[in-house]
Amino acid sequence: MDDVPTVVLTPIDQHNWRAALDVQVTLDQLQYVAGHQPVALVILAKAYVRPGDLEWEPLAVTAGASVVGVVALAHANTHTELLHLAVDVSKQGQGIGSAAVDLLLAHVAETRPGAEDVRLAVHPDNRRAQRLYRSRGFSPNGQVREGEPIWSLNIKRT
């Protein structure tokens, strides 16, 4: 993984939404990510519907001119939730997920001054995601949502 592609986060918008819809995960990963493909469609629907009355931010993970992943942030007053992170099956194993999480954490810290923590749900069987999130400092916080433990990372500035 020495050659991790340089990735950036961009809002899913009128210019890239079709490319975002092309991001696909394997069928066994789908149960962990969104339950339906394309994952970007789930993200965009939730951004419109705003479940939890949160402020949804649909993002594309891009490498060069290509959309290689999608993710959503859902903001509340004191926390942000990281949801539906999906790296296209053709780009997995290249460090893109790790780089995207790092960018997401920096983005939240920079743009959400009231945020105290970032939270996410991790399916108990999704060992790959657990390793990724643990390596970035996340840990289970004792809460469970729909059978999935909630993990959190404190980002409050002291």
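## Largest pocket

The largest pocket is lined by 43 residues, and Y32, V33, L85, N126 and Y133 lie nearest its centre. A pocket here is an open set of points on a 1 Å grid over the protein atoms alone, where a 1.4 Å probe fits and protein lies on both sides within 12 Å along at least five of seven lines; lining residues have an atom within 4 Å of a point. The volume of the largest pocket is about 1100 Å³, taken as the space filled by probe spheres set on the points, which are joined across faces, edges and corners.

Elements giving two or more residues to this lining are α2 (27–33), β4 (79–87), α4, β5 (117–121) and α5 (127–135). β4 gives the most, with 7 residues. By class, the lining has 20 nonpolar, 13 polar and 10 charged residues. Asp, Glu, Lys and Arg count as charged; Ala, Val, Leu, Ile, Met, Phe, Trp, Tyr, Cys and Pro count as nonpolar; the others, Gly among them, count as polar.

## Basis of the model

This is a predicted model: local features need pLDDT of at least 70, side-chain atom pairs count only at pLDDT 80 or more, and totals for chains, interfaces and linings use all residues. Residues are numbered from 1 along each chain as its sequence is written, and side-chain values use heavy atoms, with hydrogens and water left out.

## Nonpolar cores

The largest nonpolar core has 28 residues. Such a core is a set of buried Ala, Val, Leu, Ile, Met, Phe, Trp, Tyr and Cys residues joined through side-chain atoms within 4.5 Å. L82, L85, Y133 and F138 have the most contacts inside this core. α4 gives the most to this core, with 7 residues. A second, separate core has 21 residues, including V25, V33, V39 and L54.

F138 touches V101, L105, V118, L120, Y133, W151, S152 and L153, not counting residues up to four places away in sequence. Contact means heavy atoms within 4.5 Å.

## Helix α4

α4 covers residues 96–111. Its 16 residues reach 22 Å from first C-alpha to last, close to the 22 Å expected at 1.5 Å a residue.

## A47

A47 lies in helix α3 (residues 39–49). A47 counts as partly exposed because its relative accessibility is 23%; that class runs between buried and exposed, the latter being over 50%. A47 touches W56 and P58, leaving aside residues up to four places away in sequence. A47 and L73 are 26 residues apart in sequence and 9.4 Å apart in space, C-alpha to C-alpha.

Conventions
Helices (H or I, at least four residues) and strands (E, at least two) are DSSP runs, numbered from the N terminus. The expected span of a helix is 1.5 Å times one less than its number of residues. Buried means under 20% relative accessible area, exposed over 50%, partly exposed in between (1.4 Å probe, protein chains only).
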